[in-house]
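Here is a short briefing on a structure that may be new to you. Look at the sequence and the model first, then read the points below.

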There are 2 protein chains.
Amino acid sequence: MVEKTPFNTQKILKTTYKIIEQLKTQANISAIAIATAGAVDNNNSKVIGSTGNLPSDYSQIEFKKVFTSKFNLPTLIENDANAAAYAEFKTGAAKGSQNSITITLGTGIGGGIIINGKLLKGKSGAAGEIGHIMLGIEPKRKCTCGEYNCFEAYASGTGFRKTIQELSQKIPEFKYSILVNKHTSELNTYDVIEGYKKGDNFCKIAYETWEKELIIGLTSLANIFDPDNIVISGGLSKEVNYEKIEKIINEKIVTTPLKILEAKSGNFSGMIGAAILAQEKFNL
Amino acid sequence: MVEKTPFNTQKILKTTYKIIEQLKTQANISAIAIATAGAVDNNNSKVIGSTGNLPSDYSQIEFKKVFTSKFNLPTLIENDANAAAYAEFKTGAAKGSQNSITITLGTGIGGGIIINGKLLKGKSGAAGEIGHIMLGIEPKRKCTCGEYNCFEAYASGTGFRKTIQELSQKIPEFKYSILVNKHTSELNTYDVIEGYKKGDNFCKIAYETWEKELIIGLTSLANIFDPDNIVISGGLSKEVNYEKIEKIINEKIVTTPLKILEAKSGNFSGMIGAAILAQEKFNL
């Protein structure tokens, strides 16, 4: 069942209650598993702190306690990127490996990291913020987090669009591009990827700039974790040349060769991963 | 017992044999623990691949097998930075925490990462190469690994010296510095740190450039791992303003606050850590 997320904590709860009530009429439910935006504590019970994507009182909800008592079912909550990584590790592109990183290339960059078959959570549950690896020293491009030069500010969809718009004002190739009549603010990743496939030179430069930024971030991750693979999910994952970047990254790293893979679990990977985590935690 | 390391695999082995023979006359030895340069496999039995610091045939030595049979003692080998991190975690600055990163600021940058009380090894044992997190997109400063912009190329002792030399050629403050009469090639970290303490403006700019580069790398690590602490060891660890950089890093991160600490285990931390690992592995 798919519902639009309301930007109001009480309405989010009500919508979720409604979904669970409906599902209860259709199936025998043995646990509740929630994949959410925001970092989730090490007890899988609540969101710690808030991000720009969440209502400010969202972290006050004791999800585990509230859902367990309302539905009399064991409940688990996990960060959606972590859960997606767990899904890829258990049933998706990373199945069979023990050390895997899944990054989500969407509006922002999220990540989940599997080490020896377990999710990396850190001291508070907030680990895996790989969108905020810093790709520069001097303040250049501002990130939504308030800092500069984050991986997310470059390699996310938002970052890619910014790169395109900056390049259009800076390099002469734009004058000869099929996109020349577009206003700067209209330039987007979709058009550039289309143009790149058609052989447009400006689009090629823009695409390869984004690709290079993606490679830099993934190379750092490979050097830190020596993983079996890095899985890419999210809207932009379809646009990655996996064979090419795997080869380049394996030439750059000082650790041992890894695979760069496209995610397999689709848009519901967060939910699938949370469900598997609940299955394991509650021995279902 | 301290011996200079020969740059020849057979001589390294012979020197090590000699040390062990001598130690056997002084104490009752129950295991052999070796801390070495180079990545060590997940069985703690040998070095995988070679680095510039090691003879090319070093990785052919089956350390575990060779020492076990020669001395009839259980043997373990671990990377020195990993072992040092383990020492800090068990008996040093990070004692009592479960998620800790130790970075070695020396000629290069090494690192060891503890997650839930265990060393991060990766698929092959090569994890923790945090000197090769990349701090830039466009090729700017070459690293010993052959790539550009690595953390090590900036924040290590070698990187710091390079920053000083570059700045001396670039910024007008050098003309008024107490170091003005030094030739570029003579400029070093020691003089700049001295000059910084004496209030020299050029030295202050150079020191703070290095400090900023250090902060960028540590911020990325904090965002990825959400660790309890990052411990700094190695020659430059005495020159870090811990209170200042901890405050700045905690303002930059999107994860939860951490401690930045000076290492406590000293120059023998690698050996201490390897010995503790052996104690645990062999139930001594």
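A cavity is a set of points, on a 1 Å grid over the protein atoms alone, where a 1.4 Å probe fits but cannot get out; its lining residues have an atom within 4 Å of a point. The model is predicted, so local features need pLDDT of at least 70 and side-chain atom pairs count only at pLDDT 80 or more, while totals for chains, interfaces and linings use all residues. Residues are numbered from 1 along each chain as its sequence is written, chains are lettered from A in the order in which they are written, and side-chain values use heavy atoms, with hydrogens and water left out.

**The cavity**

- The count comes to one cavity of 30 Å³ or more.
- The largest cavity has a volume of about 30 Å³, a volume being the space filled by probe spheres set on grid points that are joined across faces, edges and corners.
- Chain A gives L120(A) to the lining, and chain B gives N99(B), S100(B), I101(B), I113(B), I114(B), I115(B), F225(B) and P227(B).
- Two elements of chain B, β3 (100-105) and β4 (109-115), each give two or more residues to this lining.
- Strands here are DSSP runs of E with at least two residues, helices are runs of H or I with at least four, and both are numbered from the N terminus.
- The largest share, three residues, comes from β4(B).
- By type, the lining has seven nonpolar residues, two polar and no charged.
- Nonpolar covers Ala, Val, Leu, Ile, Met, Phe, Trp, Tyr, Cys and Pro; charged covers Asp, Glu, Lys and Arg; the others, Gly among them, are polar.

**Aromatic pairs**

- Over all chains there are 21 aromatic pairs.
- Rings of Phe, Tyr and Trp (its six-membered ring) pair if their centres lie within 6.5 Å; planes under 30 degrees apart are stacked, over 60 edge-to-face, and the rest tilted.
- F160(A) and W210(A) are stacked, because their ring centres are 4.8 Å apart and their planes lie at 5 degrees.
- This pair links distant parts of the chain, 50 residues apart: F160(A) is in helix α5 (residues 157-170) of chain A and W210(A) in helix α7 (residues 201-225) of chain A.
- Buried means under 20% relative accessible area, exposed over 50%, and partly exposed in between (1.4 Å probe, protein chains only).
- F160(A) is buried at 0%, and W210(A) is buried at 0%.
- Y86(B) and F89(B) pair edge-to-face, with 5.5 Å centre to centre and 65 degrees between the planes.
- Y86(B) and F89(B) are three residues apart in helix α3 (residues 80-91) of chain B, so about one helical turn separates them.
- Y86(B) is buried at 6%, and F89(B) is buried at 6%.

**An aromatic cluster and charges over rings**

- One aromatic cluster is formed by Y17(A), Y58(A), F63(A), F67(A) and F71(A).
- Y17(A) lies in helix α1 (residues 9-26) of chain A and is buried at 18%.
- Y17(A) and K70(A) are 53 residues apart along the chain, yet their C-alpha atoms are separated by 8.9 Å.
- A charge sits over a ring if NZ of Lys or CZ of Arg is within 6 Å of the ring centre and within 35 degrees of the ring normal.
- K70(A) has its charged end over the ring of F71(A), 5.9 Å from the centre.
- In chain B, the charged end of K70(B) sits over the ring of Y17(B), 4.6 Å from the centre.

**Salt bridges**

- There are 34 salt bridges over all chains, each being a side-chain nitrogen of Lys or Arg within 4 Å of a carboxyl oxygen of Asp or Glu.
- K123(B) and D226(A) meet in a salt bridge, 2.8 Å from N to O.
- This pair joins two chains, because K123(B) lies in the loop between β5 (118-119) and α4 (151-155) of chain B and D226(A) in the loop between α7 and β6 (229-233) of chain A.
- K123(B) is partly exposed at 24%, whereas D226(A) is buried at 0%.
- E147(B) forms a salt bridge with K252(A), with the closest N and O atoms 2.9 Å apart.
- This pair also crosses between chains, from the loop between β5 and α4 of chain B to helix α8 (residues 242-252) of chain A.
- Both E147(B) and K252(A) are buried.

Conventions. On a 1 Å grid over the protein atoms alone, a cavity is a set of points where a 1.4 Å probe fits but cannot get out, and a pocket is an open set with protein on both sides within 12 Å along at least five of seven lines; lining residues have an atom within 4 Å of a point.
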